[in-house]
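Please open the structure in your viewer and follow the selections in the order given below.

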Amino acid sequence: MTRNSIFNRLRQWCWATGGILGVFATSTFCLADGTIRDGMGARSIGRGGTNLAFADNAHVMLDNPAGLIRNSADGIFEIGGHLMMTDLEYSDADNPSVGDIDNPFPLGEIAFGRKLSDSVAVGFGAFSVGGFSAEYLMNGPGPAFGGREHYKSMSAMARLLPTLSLQLTERLSMGATLGAAINHVELEGPYTLQTAAGLAGTPTRLDLQATGIAPSWSLGGQYALSEATTIGVAYQHETEMTLDGSTSVTIPGVGTARYDSTLAVAWPRSLGVGIAHRLTPERTLGFDAIWYDWSRAHDQFDLSLRDPNNPVFQAVAPTLEEAFPLSWRDTVSLRVGIQQELDGGRVLRAGYVYHRNPIPAATQTVYIQTAIEHAISVGYGWRAGDWAIDAAYQLLLAPDLDVGTNDLLGDDFDNSTASVTAHQVSLSFQRVRRR
């Protein structure tokens, strides 16, 4: 079997897994810290996304794999679902006030782990980690696109993570994941070429679709300072991806051509530290701080176009090398949460997240509206035997983003204002196995 055939088989399997989870739903959404979700699973989301120093759920395989071996059960299975509802608005000189085409959409994840001994645990998780999407019908930039235009973007990323977790000493555990990340991107609408040689400043209409897969790995550790306090540290390596697909390019007065295309994107590395402290036997406080290296990962997206099917484009522009400027800045996500155990296996949770908007006004567009800065959450859980059900609600807020003169070529997004609000409802089911 050739290397390409192995790659294609793996990509097909990953797509099948992602499809089962509802990872790549093509609806309108916006996710938290840049394009990374603030929490995974209803239990973590309910307490503000804190999970780096916890071990009470299977989603630690994504957040900190060292926590898997510290779970009190010998085996754990967890499946979760989320419904995201957004309210995006945009206005500029050509569009006094426009709301997005707003459709609720599902997200999901599944994870399971098992202890092979008191010191070794293995697991596998498939997680919808993040993404962005927006869809508008609004007036485009004149004179090339002065009428109603369809602006649409969508990116969804999932990680598929085989996990190893080890108890090295009575207090210290370590964990690692080595798997795959899969990313799908779509972009449709007016776009002014920024860097294409000889064509910079040319207004076009793009219709891009691309998919790629790349290795993904992480490391984590947890250390019990005492019976009441645990510290967790986790590192997620940057994921550099080359997405293959096709792009339709329309230039007014010239025509339309479909190119074979590759899109180079990166998802940021992150480093987080967290603490879980049991204030009383029934009350636990959690705090996480996570740094995301957006400035390196989202400096720009590089798009390479080749082999157009239109002879005019073949003669004038047989290849195009374009860079989508982003110039994002790093963020630190600060998360705090508390959970209170009640009688009858019931648990109450609450939490808060803060991080600044990583997108500078100079590159803000309607295609990526992920300006969320605050997230407030509440949660409730109950256990019956080996089964547990957890529910959470999260409200995501952002201040209005005002843009004067945008640094992008073309004036499509000058003198604009964008606003974002989102709601997420989450539900997770967990089953544990004990000897």
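Contact here means heavy atoms within 4.5 Å. The model is predicted, so local features need pLDDT of at least 70, side-chain atom pairs count only at pLDDT 80 or more, and totals for chains, interfaces and linings use all residues. Residues are numbered from 1 along each chain as its sequence is written, and side-chain values use heavy atoms, with hydrogens and water left out.

Select Ala111 first, in strand β3 (residues 105-115); strands are DSSP runs (E, at least two residues), numbered from the N terminus. Is Ala111 buried or exposed? Ala111 is buried, at 0% relative accessibility; buried means under 20% relative accessible area, exposed over 50%, and partly exposed in between (1.4 Å probe, protein chains only). Beyond its neighbours within four places in sequence, Ala111 contacts Ala58, Met61, Ile76, Phe77, Glu78, Phe124, Gly125 and Phe127.

Next, select Ala289, in strand β12. Its contacts, again leaving aside neighbours within four places in sequence, are Leu271, Gly272, Val273, Ser333 and Leu334. The C-alpha atoms of Ala289 and Tyr259 are 43 Å apart, although 30 residues separate the two along the chain.

Finally, select Ile338, in strand β15. Ile338 is partly exposed, with a relative accessible area of 33%. Ile338 is one of the residues, with Leu334 and Phe287 also among them, that make a nonpolar surface patch of about 900 Å².

Methods:
Patches are made of residues with over 30% relative accessible area and no salt bridge: like charges are joined within 9 Å, nonpolar side chains (Val, Leu, Ile, Met, Phe, Trp, Tyr) within 5 Å. Accessible areas come from the Shrake-Rupley method with a 1.4 Å probe; for residues, only the protein chains shown count as cover. A salt bridge is a side-chain nitrogen of Lys or Arg within 4 Å of a carboxyl oxygen of Asp or Glu. Helices (H or I, at least four residues) and strands (E, at least two) are DSSP runs, numbered from the N terminus.
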